[in-house]
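Visitor: I am new to this structure and would like to learn how to read it. Could we go through it together?

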Amino acid sequence: MHAGDLINTSSNENEWVNWFKGMKDSAVRTNVMAAPGNHEYSGDKLLTAWKAAFEYPRNNPSTSSIGELADLAKGDSAVAQQYRAFFDHWSSFAAETAYYTDYQGVRFITLNATRDTTFLTPAGLPSCTGTECPSSQIGTLWTRFQGAWLDLLLQNSPSKWNVVTFHQPVFSASEGRDEPVLRAEWLPVFQRNDIDLVLMGHDHTYARGYVNTDATETTGLTTGPVYVVSNSGAKHYDLETPEKNVWTNNGATQVLRGQGVTTYQVIDVSKNQLVYRSYLAEKQPGATTELPVGAVYDTFTVTKSDAGEKWVTEAGVTPPVTPEPEVPAKVELGAASVKAGGTVTVSGSGFAEGAQLRLELRSDPVQLGTATAGADGSFQRTVTIPANTPAGAHTLAVILPDGTEVTAALTVAAAAGGGAVAPGNGGSTGGDLATTGADSAPYIVAAVVLLAAGLGLFAMRRRRRHAAVETTEAE
């Protein structure tokens, strides 16, 4: 993830070549999610080089994805016509500069924080006079346009973790810088939706912190979003003075602030935790840290339950643990009815890992076998209903070691004929029925066949693709 200013002058092709050369071949193995910065517009106001270099999802903000804000463009008034012209223009221009993707349980959202009237103003803009006209507040409306889209993305996010990246920070860190428009339009969206990480650049310093309302009575324990400003380049600015500190003057706390440092961040996400580590890649003379290059410069952990309870902890601080709500065990049958002598699949979930379970058919108890719950608390096995089972309503019970049980209703129809299976052995030999799944040999054979076919197809496609590349190069 890159928070903008990948290059210095966008119209300088050599800088783009050097950027990709620096990536070497990692870009062909790793997703690259970048946000445009102000330098991407240097000499290239329409971001032609950016859009030629990257291919991003075209799920950007548009008139159809900004909710009630789109109502401003309805009607025939001069104000509405101008709103419509701006929104239509931005719906097209925002492509590949504001986008999102859901990847491995994380929703990554990229915003375009640069506000330049050159690219934001459409050609042939309808005339409009007065303070209500959008042309008098272009930068603010462009920010609000994306904020409305962002709000809906976060409200409807299917991901447990949500991260946003953009260039100019809502809380500036370096001397003389401040972005009140971004803070006014986007900060309420971040806070309202309790986003996890807000990653920013632009200031050529380092800062990390939180909004004061997310503090707790425990030192090193907060809730809410974490805001980070970092610098991975060789250009360095001075930090703002304590008296003019944008964070403290706008209701936020800097946990760490530094200048003269170049860092890169590694973020590990698991089911219930997000662990952030910032590493020192370079130090300037007079850097505000005595840590050596290569050391962990900053770290924190975000812990979140499935119920949505979240804690942000500094190193060495343990988050309050709220037990996850217990999911009741349940059993499902592959069919609601089965003929005597036939088979039925029994699936279960919500059991303790490794629990030894007995399967029993009632009214007259008949042992159908056993099963072992897997690491995720589930099991599946196929059992045989004895051929001499009376037709009618029955109960299939899964019995835990402590005697508690989970049941499911099963209707047994009269057998079509054939030999009976002796009650109690479930159609097996030796009585050893422990298993964590149904008989899988046919599926394994099929999977091997499909895998072999897939590998053949993959190899054929590679040969074709390779031949196509050679042909292209020859041409």
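This is a predicted model: local features need pLDDT of at least 70, side-chain atom pairs count only at pLDDT 80 or more; totals for chains, interfaces and linings use all residues.

Visitor: Which residues of the largest nonpolar core touch the most other members?

Guide: In soluble globular proteins, nonpolar side chains tend to be buried together. Here the largest nonpolar core has 78 residues, and those touching the most other members are Phe87, Trp90, Phe166, Val170, Phe190 and Tyr227. Helix 5 gives the most to this core, with nine residues. There is also a second, separate core of 24 residues, with Leu333, Val344, Ala373 and Val406 among them.

Visitor: Which residues of helix 3 are buried?

Guide: An α-helix has 3.6 residues a turn, so residues three or four places apart point the same way. In helix 3, the buried residues are Ala80, Gln82, Tyr83, Phe86, Phe87, Trp90, Ser91 and Phe93. Because their arc around the axis is only 170°, they lie on the same side of helix 3. Their cover includes helix 2, helix 4 and helix 5.

Visitor: Where is Pro57 found, and what does Pro57 touch beyond four places away in sequence?

Guide: Look in the loop between helix 2 and helix 3. Pro57 counts as partly exposed because its relative accessibility is 33%. Apart from residues up to four places away in sequence, Pro57 touches Glu96, Tyr99 and Tyr100. The C-alpha atoms of Pro57 and Thr101 are 7.5 Å apart, although 44 residues separate the two along the chain.

Definitions and conventions: Residues are numbered from 1 along each chain as its sequence is written. Side-chain values use heavy atoms; hydrogens and water are left out. Helices (H or I, at least four residues) and strands (E, at least two) are DSSP runs, numbered from the N terminus. Buried means under 20% relative accessible area, exposed over 50%, partly exposed in between (1.4 Å probe, protein chains only). Contact means heavy atoms within 4.5 Å. The arc is that of the directions from the helix axis to the C-beta atoms. A nonpolar core is a set of buried Ala, Val, Leu, Ile, Met, Phe, Trp, Tyr and Cys residues joined through side-chain atoms within 4.5 Å.
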